[in-house]
Amino acid sequence: MPLPDNSRDEAIKSLDKRADALAARTAQPTPDYGSKAHGYGVRLMGMLFGGVFVGIGFGAVVDVLLHSAPWGMVIGVLAGFGVSIWMAVRTAARMSAEAASEWGPVQDLPLDDEDD
């Protein structure tokens, strides 16, 4: 059974409003955050490798001074790895909070049963 003209016109206006709202959201240019995210990844990778290499250096010094080879090196590598993981997790949390504040929250589309 066809709808009366008034209700059909209202339904079309409602759909037009929703289409305009969707077009306004999707028409905004999306900034390219790929280079910034790449920089975050490079920084985290540097922390991970740097911590292990610093641990190797301290372990080698301990082995030479205390004649404890290879235990100084083993403990140095493990300690360097542990510290680098701790630093990377801490930095990643800070970076993600910064990115969330810059990029903003994800915006959901309106539900079908909402009337504006």
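The following questions and answers concern a predicted model of a protein chain.

Reader: What makes up the secondary structure of the protein chain?
Author: The protein chain has 3 helices and 0 strands. Read along the sequence, the pattern is α-α-α.

Reader: How many aromatic pairs does the rule give?
Author: The count is 1 aromatic pair. The rings are those of Phe49 and Phe53, with centres 6.5 Å apart and planes at 20°.

Reader: Why is the pair of Phe49 and Phe53 called stacked?
Author: A pair of aromatic rings is described by the distance of the centres and the angle of the planes. Centres must lie within 6.5 Å, and planes under 30 degrees apart count as stacked. The planes of Phe49 and Phe53 are at 20°, so the pair is stacked.

Reader: Why are Phe49 and Phe53 separated by about one helical turn?
Author: Both belong to helix H2, which covers residues 34–66, and they are 4 residues apart in that helix.

Reader: Why does Phe53 count as exposed?
Author: The cut-off for exposed is over 50%. Phe53 is at 55% relative accessibility and therefore counts as exposed.

Reader: Which residues form a nonpolar patch on the surface?
Author: The patch consists of Met45, Phe49, Phe53 and Ile56. Together these residues have about 400 Å² of accessible area.

Reader: How do you know that Arg90 lies over the face of Trp86?
Author: For Arg, the rule asks that CZ be within 6 Å of the ring centre and within 35 degrees of the ring normal. Arg90 is at 4.8 Å from the ring centre of Trp86, and Arg90 is listed as lying over the face of that ring.

Reader: Where is Ala69, and why is Ala69 called exposed?
Author: Ala69 is in the loop between H2 and helix H3, the latter being 71–103. The relative accessible area of Ala69 is 59%, and exposed means over 50%, so Ala69 is exposed.

Reader: What can be said of the protein chain as a whole?
Author: Of its 116 residues, 14% are buried. Its accessible surface is about 9200 Å², and 68% of that belongs to carbon and sulfur atoms. Among contacts with a separation of 6 or more, residues 24 or more positions apart account for 68%.

How values were computed
Residues are numbered from 1 along each chain as its sequence is written. This is a predicted model: local features need pLDDT of at least 70, side-chain atom pairs count only at pLDDT 80 or more; totals for chains, interfaces and linings use all residues. Side-chain values use heavy atoms; hydrogens and water are left out. Rings of Phe, Tyr and Trp (its six-membered ring) pair if their centres lie within 6.5 Å; planes under 30 degrees apart count as stacked, over 60 as edge-to-face and the rest as tilted. Helices (H or I, at least four residues) and strands (E, at least two) are DSSP runs, numbered from the N terminus. Buried means under 20% relative accessible area, exposed over 50%, partly exposed in between (1.4 Å probe, protein chains only). Patches are made of residues with over 30% relative accessible area and no salt bridge: like charges are joined within 9 Å, nonpolar side chains (Val, Leu, Ile, Met, Phe, Trp, Tyr) within 5 Å. Accessible areas come from the Shrake-Rupley method with a 1.4 Å probe; for residues, only the protein chains shown count as cover. A salt bridge is a side-chain nitrogen of Lys or Arg within 4 Å of a carboxyl oxygen of Asp or Glu. Contact means heavy atoms within 4.5 Å.
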